[in-house]
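Here is a friendly briefing to read alongside the model. Keep the viewer open and follow the topics in order.

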Amino acid sequence: MLNFEDNQEQDFQSFIAEFQHLSEKDRIKRLWALIGQMTLALNNLHSLGFAHRNLKPSNIFINQNDGSVRFGAQKFYHAQSNNHNVTISVDPVVDSGIIYFENVFKDHEGIFDFAVGLAEQTVTFMPDKKPQDDGNDKKIVAYWSNGCIRYSDKKIFGNSKFKCGQKIGMEINMDVEPRTLFFFVDDVQQKNYVIGIPDALRFWSFIQKDNSSYTISLFERRGASCVQDIEGSTAWEYESYYK
């Protein structure tokens with residue numbers, strides 16, 4: 001999991017300037033603590049098959065409340081040379097508001113499908129597993145590059161296929177009842193959408209081809225929904241398949 005939002009953070013570049021005002025003993029103590037956290041975070045990222053190629057002081061963030069460290073990585077690369085499955089979810093857990101999440105994939109052409117989706121907050125994706133593995137099929141919604149929406153044993157076709165270079169968006173509205181999930185391809189709203197989504201969830205992305213990558217181009221809270229009434233749209237109930 002990667003974290004993308006915290007209101008009490010300071011980037012490492014700014015911290016370096018303030019760092020000089022500490023005593024030598026405090027500087028050494030704090031520096032080793034930060035190096036330890038960065039090493040653990042990188043090890044976890046690499047174990048999932050990803051490489052961070054933009055690691056620099058301005059892209060490392062320190063939580064001013066608890067001193068924890070996260071990387072501001074918005075582009076992710078498949079670091080393996082064996083076409084391993086790589087599914088990675090993104091913090092924070094979303095439980096309120098209107099949130100828009102958007103990906104752009106790169107270098108994933110060919111026979112391998114890729115996907116975006118959402119997962120219940122309890123879901124953990126293991127290395128070299130597809131998002132639906134380990135019983136997660138009953139706890140996620142996936143939008144695959146072949147145009148299929150998949151959850152539980154359901155496969156719903158009718159939305160557009162998507163390819164590398166296109167903007168693949170999802171809007172969730174946690175403030176309406178039932179809660180909704182809409183899909184977009186290059187800002188065009190798709191006709192099939194999901195209602196009754198979980199009350200707390202994370203977004204995720206999936207790739208499996210060597211040297212492929214994706215960029216999280218948007219992850220933002222919005223004041224109003226961009227969803228419109230479109231002819232032929234169909235709502236699919238999330239919870240009904242899990243009762």
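Is Ile 35 buried, partly exposed or exposed? Ile 35 is partly exposed, with a relative accessible area of 33%; buried means under 20% relative accessible area, exposed over 50%, and partly exposed in between, with a 1.4 Å probe and protein chains only as cover. This is a predicted model, in which local features need pLDDT of at least 70 and side-chain atom pairs count only at pLDDT 80 or more, while totals for chains, interfaces and linings use all residues. Residues are numbered from 1 along each chain as its sequence is written, and side-chain values use heavy atoms, with hydrogens and water left out.

**Surface patch**

- Ile 35 sits in helix H2 (residues 24-47); helices (H or I, at least four residues) and strands (E, at least two) are DSSP runs, numbered from the N terminus.
- Together with Ile 28, Leu 31 and Trp 32, Ile 35 forms a nonpolar patch on the surface, with about 390 Å² of accessible area together.
- Patches are made of residues with over 30% relative accessible area and no salt bridge, like charges being joined within 9 Å and nonpolar side chains (Val, Leu, Ile, Met, Phe, Trp, Tyr) within 5 Å.
- The accessible areas come from the Shrake-Rupley method with a 1.4 Å probe, and for residues only the protein chains shown count as cover.

**Nonpolar cores**

- The largest nonpolar core has 32 residues, and those touching the most other members are Phe 105, Val 141, Ile 172, Leu 181 and Val 194.
- Strand S7 (residues 86-94) gives the most to this core, with 4 residues.
- A second, separate core of 9 residues includes Ala 115, Val 123, Ala 142 and Trp 204.
- Such a core is a set of buried Ala, Val, Leu, Ile, Met, Phe, Trp, Tyr and Cys residues joined through side-chain atoms within 4.5 Å.
- Not counting residues up to four places away in sequence, the contacts of Phe 105 include Phe 114, Phe 162, Phe 206 and Tyr 214; contact means heavy atoms within 4.5 Å.

- Strand S14 (residues 180-185) pairs with S16 in the antiparallel sense over 2 bridges; two strands pair if DSSP finds at least two bridges between them.
- With strand S19 (residues 234-237), S16 pairs in the parallel sense over 4 bridges.
- Ile 195 is the bridge partner of Thr 180, and Ile 195 also stands opposite Glu 237 in S19.

**Salt bridges**

- There are 4 salt bridges in the structure, each being a side-chain nitrogen of Lys or Arg within 4 Å of a carboxyl oxygen of Asp or Glu.
- One of them joins Lys 167 and Asp 187, with the closest N and O atoms 2.7 Å apart.
- Lys 167 is in strand S13 (residues 167-173) and Asp 187 in the loop between S14 and strand S15 (188-189), so the pair ties together parts that are 20 residues apart in sequence.
- Lys 129 and Asp 134 meet at 2.9 Å, N to O; Lys 129 is partly exposed at 29% relative accessibility, and Asp 134 is partly exposed at 48%.
- Arg 222 and Glu 220 meet at 2.8 Å, N to O.

**Buried loop asparagines**

- Asn 85, in the loop between strand S6 (75-78) and S7, is buried with a relative accessible area of 14%.
- Leaving aside neighbours within four places in sequence, Asn 85 is in contact with residues including Asp 128, Lys 129 and Phe 206.
- Asn 159, in the loop between strand S12 (154-156) and S13, is buried at 7% relative accessibility.
- The C-alpha atoms of Asn 159 and Tyr 193 are separated by 9.1 Å, the two residues being 34 residues apart along the chain.

**Backbone points to check**

- Most residues other than glycine have a negative phi, and most peptide bonds are trans.
- The peptide bond from Glu 177 to Pro 178 is cis, with omega near 0 degrees, and Pro 178 lies in the loop between S13 and S14.
- Asp 128 has a positive phi near 55 degrees and is partly exposed at 35% relative accessibility.
- Ser 152 has a positive phi near 50 degrees and is buried at 9% relative accessibility.
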